[in-house]
Amino acid sequence: MANLLAPSPLNLKLAYPSSFPYSAFSISRNVVVLASAVSSPERKSSRKRRQQQPSKDETMITGVSSAEKGLRLVFMDELMERARNSDTTGVSQVIYDMIAAGIRPGPRSFHGLVVSHVLAGDDQGAMHALRWELSEGLCPLHETFVALIRLFGSRGHATRGLEILAAMEKLHFDIRKAWLVLVEELVSSNHLEDANKVFLKGAKGGLRATGELYDRLIEEDCKVGDHSNALTIAYEMEAAGRMATTFHFNCLLSCQATCGIPEIAFATFENMEYGEDYMKPDAETYNWVIQAYTRAESYDRVQDVAELLGMMVEDHKRLQPNVKTYALLIECFTKYCVVREAIRHFRALKNYEGGTKVLHNDGKYGDPLSLYLRALCREGRIVELLEALEVMAIDNQPIPPRAMIVNRKYRTLVSSWIEPLQEEAELGYEVDYIARYIAEGGLTGERKRWVPRRGKTPLDPDALGFVYNYPIETSFKKRCLEEWKIHHRKLLKTLRNEGPSALGDVPESDYVRVEERLKKIIKGPNRNALKPKAASKMLVSELKEELEAQGLPIDGTRNVLYQRVQKARRINRSRGRPLWVPPVEEEEEEVDEELDELISRIKLEEGNTEFWRRRFLGEGLKNQHGKPIDVTESEDTDVLEDTADIEDVSEKVDDEEADEEEDDTDQTEGQVGDRVKDKEVEAAKPPPMIGVQLLKDSEVTSKTSRKSKKRASRISVEDDDDEDWFPEDIYEAFEELRNRKVFDVSDMYTIADAWGWTWERELKKMPPQRWSQEWEVELAIKVMLKVIELGGTPTIGDCAMILRAAIRAPMPSMFLKILQTTHSLDYVFGSPLYDEVITLCLDLGELDAAVAIVADLETSGISVSDQTLDRVISAREMADNTIDNAS
């Protein structure tokens, strides 16, 4: 290989005869021609003369040479031993001893000297040893050059390594091994740019690298983001006959996923998807593409991630997700506010040891773990929040400060989901707002500004940590009510699809009762009760009641009171606060155990893939249904549609329109007759199956214009002429589907079936739990204790809100635990709050709880008012007297 590496000047000295024949390789004047150290023509002639002369003392010469070999072997053993120990001085001393003993050092002796300098990391000493060897007229060994190249590569001296390669090439040495060593050492010493140059120079000259070197260079280039060189090396590898595999594509994807343009990564993914088997995407491939879409700073990418997720599920027989896959999916769904899917994937993530640490990712990329915790708190999903905190405790993952953000009401995720949401906690003492404003940095400009962000709103309201945008949170009570409605809406749908057979052998009256019960639950409380009354039609007592509830003065004439109420409502509207409405006593719902038992018979079969396979094929559905249910359009829109959150009616309420009520239109006798006729006609029809429902949903027909009817008729005629026809009978049509193999039931599976989420079916079977104040308090205490265990610090507002919730319950057994936790955080409430708690315990007859609270206050150094102590003492004496009288 002529002129593979351009030689550079190397400061070596060697005298060589002018008659030495040059090789075919060009070389500069300053480069050492190492071949000159080999034999010369004059030496050949003298050797011939010695061979022609008869040797008289051959026996004596043979004995001397044997003795010299033995002595040389002793010197070489000592020399190599010192060379292995990097003893350069000792090796030099051995060489001098050899010369003194009359033994001329050979190439291997100088090889040991060079190696000792290489092991010692002395590049100047190694070059001096090489010059010494050349000055003796010796030709260095191939191993000597390789050792020098290894030294230069480890030091990052690529140019000097190329000079050695050029010298080796002139001496007709095989430089491939030395070239590989130089590239590997440059890569190991983090001189990647020089390694790429040396590699590409050798590859263009015809040198063939090993597969390991190709892999390492591509991987290292992609780690530092050098996509261009990695791609060039990949092309060189394919030109050499070694095709790129999944590993190489994943390396390229790791670089493309961080460039901010996910379309590039997806193009590479498509090449892998439709390529050969050795380049098919694996779990890491999907991870890089999902990461590219998730962390792209462009528009909403959740749909792209959902499509990738579907492709990954379809290929579940070949690959399965790993912990990074779940972490990225949670990050994506949390960022784009798809919290339900984030919860599903978190339940899969918790099965991996250290999964929350992977999700936290050292707080990078917005701290996905904190965003997930905040999203759960923001939507009132406290059961899932407590579950996440427990998993963090198992993984020894402390709660990040990012998750403990304090909102405008000075509450963290410990209590920001407890109603009332838009109020600060009662601490038992007056708050000095000016001092708090100064302490928060209000005078220096360091205080956070709770100002709505202008322009484009972030994808996740919590993305910037409440600095520019304060998210609207959902209370735990409201979330439980929504889940309760959603569950019963599913039950009603199932009941209407299955008919009376869903309840078993029951009379029609029970069927109607169950239906009305489900409708009532779904409809919820009367919304008109949330509407405030028009101020112009309120009595003076009502005006005073509204003003007093908001802490406003109630003195003055009716006109003054009217103006105050109007102004207060305008202020509340402008600040996004709900209008005040008079408290309404919630009607206690009647418990009908018989109806509850009938409702419990309805099976949703969510997640039961085998059931839906049989249902899709129509197996076991003949003659199973009884009378179908009569459903009108008005009922569908009122009951079955997905009800949104209860909106604040105050935004649309004006003084003139506040007293208007919606009138429910009664059904006419003609409509009732039509319903009876429809019921009789539909009773003879078989129940609709999923396949038929899908076909019906896909048909788009219009009933308002004649043109649309004509167009539909044309389409039906064209379909009749089509070859892909199916029988009109439903069961025969499905049989035809199976015979033609148009659809295979083996392809019916969910993500839970594909990825082994065995727990999801059991969770879907469990009905949602109804909200209660006691349950809320228990969850709040568990969350607070778990946050403290994970290194978080709740605010005094959190402790006060939990205590107030326990007072509303009331739960005297929890008072002491809440107060002890509060005092352990060095928080102290005001005396009125302590007095209220102790008085409530006495009123409820919980004397032991009151005494324990007083003892804890005295232990903590908190004074109790004399009146409260007198009440506790008198109650204690009365209890003792009662016991004595009884005895």
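The crossing of helix 12 and helix 14 is left-handed: the near helix is turned anticlockwise from the far one by less than a right angle, whereas clockwise would be right-handed. The model is predicted, so that local features need pLDDT of at least 70 and side-chain atom pairs count only at pLDDT 80 or more, while totals for chains, interfaces and linings use all residues. Residues are numbered from 1 along each chain as its sequence is written, and side-chain values use heavy atoms, without hydrogens and water.

**Exercise 1.** Classify the orientation of helix 12 to helix 14.

*Solution.* Step one: the axes of helix 12 (residues 246–256) and helix 14 (residues 283–294) cross at roughly 15° and come within 9 Å. Step two: helix 12 is therefore roughly parallel to helix 14 (angles under 35 degrees). Step three: Thr-246, Asn-250, Leu-253 and Ser-254 of helix 12 meet Glu-284, Thr-285, Trp-288 and Val-289 of helix 14 (contact means heavy atoms within 4.5 Å).

**Exercise 2.** Determine how helix 17 is oriented to helix 19.

*Solution.* Step one: helix 17 (residues 339–349) packs on helix 19 (residues 368–378) at an angle of about 125°, with the axes 11 Å apart. Step three: Val-339, Ala-342, Ile-343 and Phe-346 of helix 17 make the contact with Tyr-372, Ala-375 and Leu-376 of helix 19.

**Exercise 3.** List the residues that Phe-199 touches, not counting those up to four places away in sequence.

*Solution.* They are Trp-179, Val-183, Ala-209, Leu-213, Tyr-214, Leu-217 and Ile-233.

Definitions and conventions. Axes are lines fitted to C-alpha atoms, for helices over the stretch in contact, and angles run from 0 to 180 degrees between N-to-C directions. Helices (H or I, at least four residues) and strands (E, at least two) are DSSP runs, numbered from the N terminus. Angles under 35 degrees count as roughly parallel, over 145 as roughly antiparallel, 65 to 115 as roughly perpendicular and the rest as oblique.
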